[in-house]
Amino acid sequence: MKKYKAIFFDWDGTAVLNRRSPVDNVISKMIPLLDKGIKLFIISGTTYENIAGGSLHSLIPVNCLKNLYLGLGRGAFNLGFNDSGELIVLSGAVPDIEMRLRIDKAAFDVHKYLLKHYNFRTDIVFSRPNYCKVDLMVGMDREDKLYLQNDEIGKVQDLLLIHGYTDGLAGLLELAREIGKQNDIDIIPTTDAKYLEMGITTKGDNVNYFMQHVVEKNSITSSECCFWGDEFRFLAEGVPGSDAYMITSLSSGCDFFDVSGETTLLPDNVMGVGGSIERFHKFLEQQLNL
Ligand SMILES: [Mg+2]
């Protein structure tokens, strides 16, 4: 295994099993790497409060925090820590109210379109900082596991077909883009099968910010960076998984690893290593000993 100077990773399903799982295990493996000057980047769709209950800064020694960064909320926030170990916003992409209302309206228009033409019901979560979540499987509760579950892709495709919608998840992404245009916004839609997410940024915006402002500034090369996730796989043709958005023009020369166990449906430059969170933890341990 190569030695890396910058490690980007997804949180739910890659670093921890779910939000109620203990975080001590992964944090204990992160601390010595941070202490050695390795840059760690948590790239997640969630908020700071949902990572270690918002207490990450209190679990890691102050001198290590300067090497830890978080790219959260699908491109909404890029966070770091100051010398006193306080969380600081390095940059953000939270839309103003006018833009926000256009995103909300576009999501509602998708809801109305599916209901009117297909009698297909959705729920919408409006409270995310810069995007809406359109729930495509309203009867299904993921409980604490807020990531793609087994057979969800089949379930949502079946549900769409039952309602006469034959264009699948790729069709819904296109629909979201079209309806965005009608509302004068360039929606970048993504989906994890249960949710169609409609926003103006993605994990790729977090990655690009850190590639420019941390990786390049510290003279770290692409070949010294790696990315870990559990949702790189294509959900269907033309429908990349949420972690695949970490592959951008600035990061494409880096190494990518998927711990989900999927091997055939991954983007070309992603290596399927399987092994779930334990595989990622083992990788962190191995890095320390190189
Ligand atoms: Mg994940």
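**Group meeting: a walk through the model**

Let me start with a loop. Thr47 sits in the loop between β2 (39-43) and α2 (56-59). Please keep in mind that this is a predicted model. Is Thr47 buried, exposed or partly exposed? A residue needs 20 or more other C-beta atoms within 10 Å to be buried, and 12 or fewer to be exposed. Thr47 has 15 C-beta neighbours inside 10 Å, so Thr47 counts as partly exposed. Leaving out residues up to four places away in sequence, Thr47 touches Leu72 and Gly73. Take Phe8 as a reference point: Thr47 and Phe8 are 39 residues apart in sequence, and their C-alpha atoms are 17 Å apart in space.

Next, the cores. Phe8 belongs to the largest nonpolar core, which has 54 residues. Which of its residues touch the most other members? They are Ile7, Phe8, Phe9, Phe41, Cys226, Met246 and Phe280. The helix that gives the most to this core is α7 (residues 203-215), with five residues. Look at Phe9 on your screen. Not counting residues up to four places away in sequence, Phe9 touches Thr14, Ala15, Ile42, Ile43, Trp228, Gly229 and Phe280. Apart from this core lies another one, of 26 residues, including Ile153, Val156, Leu160 and Ile188.

Now the domains. The protein is divided into two: domain 1 is 6-93 + 202-288, and domain 2 is 97-199. Note that domain 1 is written as two stretches of sequence. How far apart do the C-alpha centres of domain 1 and domain 2 lie? The figure is 25 Å. The contact between the domains takes 20 residues from domain 1 and 21 residues from domain 2. On the domain 1 side, the residues that touch domain 2 are six nonpolar, seven polar and seven charged.

On to a helix, α6, which covers residues 168-182. α6 has 15 residues, and from its first C-alpha to its last it reaches 21 Å, close to the 21 Å expected at 1.5 Å a residue. The buried residues in α6 are Leu169, Leu172, Leu173, Ala176, Ile179 and Gly180. Why are they on the same side of α6? Because they cover an arc of only 130° around the axis. The face turned away from the buried side carries the exposed residues Lys181 and Gln182.

What follows α6? Asp184 does, and its phi is positive, near 60°. Most residues other than glycine have a negative phi. Asp184 is in the loop between α6 and β8. Asp184 is exposed, because it has 9 other C-beta atoms within 10 Å, and the limit for exposed is 12 or fewer.

One more residue has a positive phi to look at. Ser276 is not a glycine either, and its phi is near 55°. Where is Ser276 placed? Ser276 is in helix α8, which runs over residues 276-288. With 14 other C-beta atoms within 10 Å, Ser276 is partly exposed.

How values were computed:
Residues numbered from 1 in each chain as written. Predicted model: local features only at pLDDT ≥ 70, side-chain atom pairs only at ≥ 80, totals over all residues. Helix = DSSP H or I, 4+ residues; strand = E, 2+ residues; numbered from the N terminus. Expected span 1.5 Å × (residues − 1). Arc of directions from axis to C-beta. Domains from an automatic or database assignment. Contact = placed C-beta atoms within 7 Å. Nonpolar A, V, L, I, M, F, W, Y, C, P; charged D, E, K, R; others polar. Core = buried A, V, L, I, M, F, W, Y, C linked by C-beta atoms within 7 Å.
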